[in-house]
Amino acid sequence: MKNIKLLLAGIFATFLIAGCSDDFLEYEPEGVLSNENVATAENAEALVVAAYAGIANDDMVGPLTNMWVYGSVRSDDAYKGGGGRGDVDIVDRYEQYNLTIADDPLDWMGPRTWTNYYKAISRANFALKVINDIPDAEYSNKAIRQGELRFLRAHSHFMLKLLFKKIPYITEDLTQDEIIKVSNDVDNDALWNTIADDFKFAYDNLPQSQDQVGRADKNAAAAYLAKLRLYQAYEQNDNHAVTNINMSKLQEVVDYVSDVTSSLEVDYGNNFLDGFDNGSESIWAAQFSINDGTTVSRVSFVTGLNSPHGTGLYGCCGFHLASQNMVNAFKTNALGLPMLDTFNNSNIFDVVDANGETALAAGITLDPRIDHTVGIPGRPFKYRNTVNTSGDMIYNFSWARDPGVYGYFGNMKEQQAPDCGCYVKEGPFVGTSKNVDFIRYADVLLFKAEALIQMNQVDAGLAIINQVRRRAAASTQRQIDAGATDVYNVGEYPMGLSKSEAFKALMFERRLEFGMEGPRFFDLVRWGMAEQVLNAYLAVEKTRKDFLTNANFTAGRDEYYPIPQREIDFTGGLYNQNPGY
């Protein structure tokens, strides 16, 4: 953890953090000492750091920190990419909405992510067991550390709920015999409230900010409670259809956002560049490090498959490519507003010349966030024309690994320039020490805007959307300095729109602001619009990309992922599978 002193060496000389079996239900740190001998303030501090590490112990095929597969490729934002449909074909099945089996034979993606999250939960629970036994007088930070651990535990359960809906909630007071009797078939609203209880404990016991960056604080707990109540407000039936929008929960969203103290970065691009970690907009993030004395450092490889391919500057493998629909969404009209209903009627940047570049037709203007989000042939990549002597950084058609299948648009936010001090290459795979933000302040602002619009306070919600748009309008200088053509035009929404118009603007703004960051699919499920939006997307995209010919989203099934079959088997059938699998 950045700026969190790593105290693990001593304690892990005694403890081996390992699984007792192949199943997460019996995953707990195991050692030769009793809880009584472990229960000291010094050991507790190390266990808390280990719990923080757990929420970022992910990998390319078991992601925790970056939802590029589950939230981006699974939506209308992006294609899988890579070397054809058979390359990491489990992600192809996710993209095609063809998850007809509950386990992948290679233990990739869903089952592995399930296990990784429950390992993180186990770390938090083990630390809580130890800390709960330390007398208050012997541990001045006891309540704060309990708040941090319950925050971490709630975060992992929250993410599991977004992915799988039906999950067992595991706490530190359960024995192993009790854990295997915890059902995953819990009332949806009750499960939200259980997760909220942990966040509320954190909210009540953590300081507004902490001296060590990366630690959860009251600010982060308030933001997360706002996010949770927003999701909870859209009440779903057993088939995942939204049946009611709870106004009291939306009011809680507004109230919790009021407790968040932060500000937007001056330039949108700061959020995606090394050197701006834990800045003004970062509410809470996974922390990574480099040059820390280990073999490849504590860098993130979760997007290690996603570098531009064939450049000589990066490694492989050309995954996570912007869809044509995503690119078209950044068009603006004469007033600088998104073309909410007609953006996808025509393509932009769809002709590549002999130099491997594209051009923008006369009269078309863009939201500048496109050049922070998408690699486009002929336009600067990561705000660079060149990278020292390493080579040209103008994005080129030749960077696409399989353009005949997936096209040639790239991803930019999760990439860093190859000469960045944050950059590690391990074989063909790229990792960086750049933080991964779980919540940034723009997200918090749009939580509030969404709640206000749904509560018929339309102009107040539009004013917040316009605040986010003003920052976007001011985020052009890096691209222009790097040689991008100045075709940017961002305006503000007028007051007086209807509720339906304002909500459409809110939904589109979230897509532009968080394009290819991962929340898109979860937003569509929350709003109860996944089937409507994604099948409309596919109807057009199939005319552009043959690999999507048989893709189809099935309502009542595809909103969530299947519970891993091995977990159902391990509990003797106690766990219930999600509908349709």
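The buried residues of α18 pack against β4 (234–236), α12 (324–328), β14 (436–440), α15, α16 (458–473) and α19 (520–527), where contact denotes heavy atoms within 4.5 Å and buried denotes under 20% relative accessible area, as against over 50% for exposed and partly exposed in between, with a 1.4 Å probe and protein chains only. The model is predicted, so that local features need pLDDT of at least 70 and side-chain atom pairs count only at pLDDT 80 or more, whereas totals for chains, interfaces and linings use all residues. Residues are numbered from 1 along each chain as its sequence is written, and side-chain values use heavy atoms, with hydrogens and water left out.

Helix α18 comprises residues 499–513, and its end C-alpha atoms are 21 Å apart, in agreement with the 21 Å that its 15 residues should span at 1.5 Å a residue; the expected span is 1.5 Å times one less than the number of residues. Of these 15 residues, 11 are buried, and the helix is thus described as mostly covered. The buried set contains Ala502, Phe503, Ala505, Leu506, Met507, Phe508, Glu509, Arg510, Arg511, Leu512 and Glu513. Asp443, which lies in helix α15 (residues 441–454), is in contact with Arg510 and Phe514 when its neighbours within four places in sequence are left aside. Asp443 itself counts as buried, because its relative accessibility is 7%.

Rings of Phe, Tyr and Trp (its six-membered ring) are taken to pair if their centres lie within 6.5 Å, with planes under 30 degrees apart counted as stacked, over 60 as edge-to-face and the rest as tilted. By this rule the count comes to 35 aromatic pairs. One of them, formed by Phe158 and Tyr224, is edge-to-face, with 5.1 Å from centre to centre and 75 degrees between the planes. This pair links distant parts of the chain, since Phe158 belongs to helix α7 (residues 142–164) and Tyr224 to helix α10 (residues 218–233), 66 residues apart. Phe158 is buried at 0% relative accessibility, and Tyr224 is buried with a relative accessible area of 1%. The pair of Phe381 and Trp399 is also edge-to-face, because the ring centres are 5.5 Å apart and the planes lie at 80 degrees. Both residues are located in the loop between β10 (374–375) and α14 (403–406), so the pair ties together parts that are 18 residues apart in sequence. Phe381 is buried at 0% relative accessibility, and Trp399 is buried with a relative accessible area of 6%.

A charge is placed over a ring if NZ of Lys or CZ of Arg is within 6 Å of the ring centre and within 35 degrees of the ring normal. Arg150 lies over the face of Phe201, at 4.4 Å from the ring centre, while the charged end of Arg526 sits over the ring of Tyr231, 4.6 Å from its centre.

For the chain as a whole, 21 helices and 14 strands are assigned, these being DSSP runs numbered from the N terminus (H or I, at least four residues, for helices; E, at least two, for strands). The radius of gyration is 23 Å, close to the 25 Å that the globule rule gives for 581 residues, so the chain is as compact as a globular protein of that length; the radius is taken over C-alpha atoms, and the rule is 2.2 Å times the number of residues to the power 0.38. Buried residues make up 61% of the 581 residues.
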